[in-house]
Amino acid sequence: MSSISRSLSHVTLAGRILIPLLFLLIVVAPILTVALAVVVGPWLVSVLSSNLGIIRFVVAITGVLLFSIPAAFIIIYMELKVIAYMNLRVGPNRVGPGGAAHSLVAGLKVLSKEDFSPANADRLVFTWAPVLVFLTAVMTFLVIPFGPGLVGQDLNIGLLYLFAVGGMAVVGLLLAGWSSFNKYSLLGGLRAAAQMVSYEIPLTLSVVGLILLAGTMSLHGIAEQQGGWFGNWFVFRQPLGALIFFIAATAEANRTPFDLTEADSEIVAGFATEYSGMRFGFLFFAEYVNVFIVSALMVTLFFGAWNSPLDINMAMLFLNDELGWNLQPIVVNLDPGGLGIGLLLLILIVPVALTVVFALPFYLTRSKLKAWQALLLGFALFNVVAVGAAFTLAFIGWDWVAGIIWFFIKSFAFVFVFVWMRGTFPRVRIDHLMGFAWKWLLPAALLNLFLTATAIVVVDALKAG
Amino acid sequence: MSFIPGIGLVRGMGLTLRRFFQPKATIMWPEQHADVAPKFRGRLQLLYDEYGTLKCETCFQCAQACPIECIDMGGVDTKGRFHVHWGAPETYGERREESALRRSGRPVADKAYAPFEGIDIEPLDGILEAHDYDPREMLAILEETQAEYGYLPVAALKHISRVTGAWYAQIYGTASYYRHLRFEPPAVEAPAAGTAQIAAEASFRSALDASLGYGGGAN
């Protein structure tokens, strides 16, 4: 028996599989990479460049999938913290700075739990239902514009796609409830389906008026039409529509006061009763991704998407025209390449110089501070200033950076509103919930559509006449 | 204001937003500790030392300090000489109950440990002699003992057990099985007015008459 096989016999089964794989990775992977780069490289590049649309799509999907995880973590942390603050508590504060890693640890906990499926459950459906729910949540990210031009796939039927994909979540919930082999789970699933189907109708109808006004269903197109100043936001032209959309979206995302599908304090999580481990984690994650999506949609459709409330350059032009002032628009031309060799010197010198400059006051005023401590402080301060400066420059210089920042500020403002509502409102009763959808929201949405259509016709007639 | 639909929702949201910015009530234990009032006495508890002995020395400081006088305690003084007790007078019946007495450390009466009264065992020895100290004739022995003493005293039963060799428990079991055998003397009936009592009354009456100035023997 050779020494290699003897030492391998001490390893567990997983290790016996993993160690050969590692060997393959170390030895074979570089060879393959080199071969690919030399032989297949040019061909691959030409294939990829001729299929740019597909590449773009795959990259967008991957980015969206990756983005959904930190977004959900941030929202979970925000929910814990904000509701705690509203209860005069402090909330999570032990893991990470201010408890920021709390949701991360919760995610790890969910991963490490036993993934249990009940006897007689339909294993296949039971496993894939949470994935379907999560997938529908993530897929809706694809058409949401995060900034000018920053959209996964700019579909011209973006809004339709959103509602179609969002409707698939109902199927996921039903499957989850049905496959659990538990009559209460099934009832919970049906309940969730009833709620989501009912609220999908006013949700969809509330944006039809907006579509009439915008003339497009592309979310990017709708976002572009709200540029300039905040008066162009659709919320001022569709206040009733925005209100209905907000309420219906709250119900669609299963948030308080419409969180009857979960009702964590009353029914045992409804359709998710039998779920545990990461399968439950998927359902849980999908809920929080949905919160972000609903907020992002609210911002995109009614609150100006990535546009700043007041475009300074446009405001200046407006003032120049109206009052005869002569204000120059702020234009930053970021052209680092123009500096030539000076850029290299700048990169080498500026960090060192600024570190020393920031360290000096500390070193001079604090006699106890050693030189290296002062330098460390100066370096930290330099980093803060540099990152701040970089962000500021990017914010001014590049539209899409400013767009992303505005988009996230507004979206998380709405996430805050959803959390705020959860900290305030009690849960509604199921008959009130359904009655409210069918007796109030649906007629109001129809009224909104009717008023909008009439207004468009009247305005067109006035313009023509 | 209340007639505006949805005003309640808005006001509720306003309340929670105000709470959001208010100082928090959480005490960051274990870094911080709650402010405890000087009057706070905590939980009353008797502690034991490492040998399992009660640490209480019956100094009554706790009972003296008790602001609502709820402590009722007793025990043996530190020299082990006499029983001491602190507490309100026994106003209520339940305080004289056995469990209440035990709880407060006071002595509890137990008949089992009371010394039994001695008897004259001469007649009992005669009865036993007649039956040849045979435990198989226990019922006859017991009946005759009861006829002699009026009941079955504990001392008599102990003596029978010792001399016949039968277990006390067996003798007690035999005696308690039969209804006509009793362990207590029968209830004493009030004696009828006898001549001694009449004489006492006459002397009392004459003394009364003399003190009141009546003629001797006259009415």
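**Architecture of the predicted two-chain model**

Buried residues account for 6% of the 219 residues of chain B. The model is a predicted one, and in it chain B contains eight helices and two strands. Read from the N terminus, the elements of chain B follow the order α-α-β-β-α-α-α-α-α-α. Of the contacts in chain B with a separation of 6 or more, 44% are between residues 24 or more positions apart.

The average pLDDT of chain A is 86, and 97% of the residues score at least 70. Across the elements of chain A, the lowest mean pLDDT, 72, belongs to helix H1 (residues 3–9), whereas the highest, 93, belongs to H10(A).

The largest nonpolar core comprises 86 residues, and A:Val133, A:Phe245, A:Val289 and A:Met298 have the most contacts inside it. The element that gives the most to this core is H11(A), with 18 residues. Another core, of 10 residues, lies apart from it and includes B:Leu124, B:Ile141, B:Leu157 and B:Ile171. With residues up to four places away in sequence left out, A:Met298 touches A:Phe245, A:Phe246, A:Ala249, A:Phe303 and A:Phe414.

A:Phe414 is also one of the buried residues of H15(A), among which are A:Phe407, A:Phe408, A:Phe418 and A:Val419. Helix H15 of chain A spans residues 399–424; its 26 residues reach 37 Å from the first C-alpha to the last, close to the 38 Å expected at 1.5 Å a residue. The cover over the buried residues of H15(A) includes helices H3 (52–86), H10 (239–252) and H11 (277–302) of chain A, together with helix H1 (7–21) of chain B. Between the two chains, 11 residues of chain B are in contact with nine residues of chain A. The chain B side of this contact consists of five nonpolar, four polar and two charged residues.

Helix H6 of chain A (residues 158–179) has 22 residues, which should span 32 Å at 1.5 Å a residue; the end C-alpha atoms are 32 Å apart, in agreement with that value. Its buried residues include A:Gly158, A:Leu162, A:Gly166, A:Val170, A:Leu173 and A:Ser179. The buried residues of H6(A) pack against helices H5 (123–139), H7 (183–206), H8 (208–214), H9 (219–224), H10 and H11 of chain A.

H6(A) is followed by A:Phe181, which is located in the loop between H6 and H7 of chain A. A:Phe181 has a positive phi of about 55° although it is not a glycine. This residue is classed as partly exposed because 15 other C-beta atoms lie within 10 Å. A:Ala305, likewise not a glycine, has a positive phi near 45° and is found in the loop between H11 and helix H12 (312–323) of chain A. With 29 other C-beta atoms within 10 Å, A:Ala305 is therefore classed as buried.

Conventions. Residues are numbered from 1 along each chain as its sequence is written. Chains are lettered from A and ligands numbered from 1 in the order in which they are written. This is a predicted model: local features need pLDDT of at least 70, side-chain atom pairs count only at pLDDT 80 or more; totals for chains, interfaces and linings use all residues. Two residues are in contact if their C-beta atoms, placed from the backbone, lie within 7 Å. Ala, Val, Leu, Ile, Met, Phe, Trp, Tyr, Cys and Pro count as nonpolar, Asp, Glu, Lys and Arg as charged, and the others, Gly among them, as polar. Helices (H or I, at least four residues) and strands (E, at least two) are DSSP runs, numbered from the N terminus. The expected span of a helix is 1.5 Å times one less than its number of residues. A residue is buried if 20 or more other C-beta atoms lie within 10 Å of its own, exposed if 12 or fewer, and partly exposed in between; C-beta atoms are placed from the backbone. A nonpolar core is a set of buried Ala, Val, Leu, Ile, Met, Phe, Trp, Tyr and Cys residues joined through C-beta atoms within 7 Å. pLDDT is the predictor's confidence in each residue, from 0 to 100.
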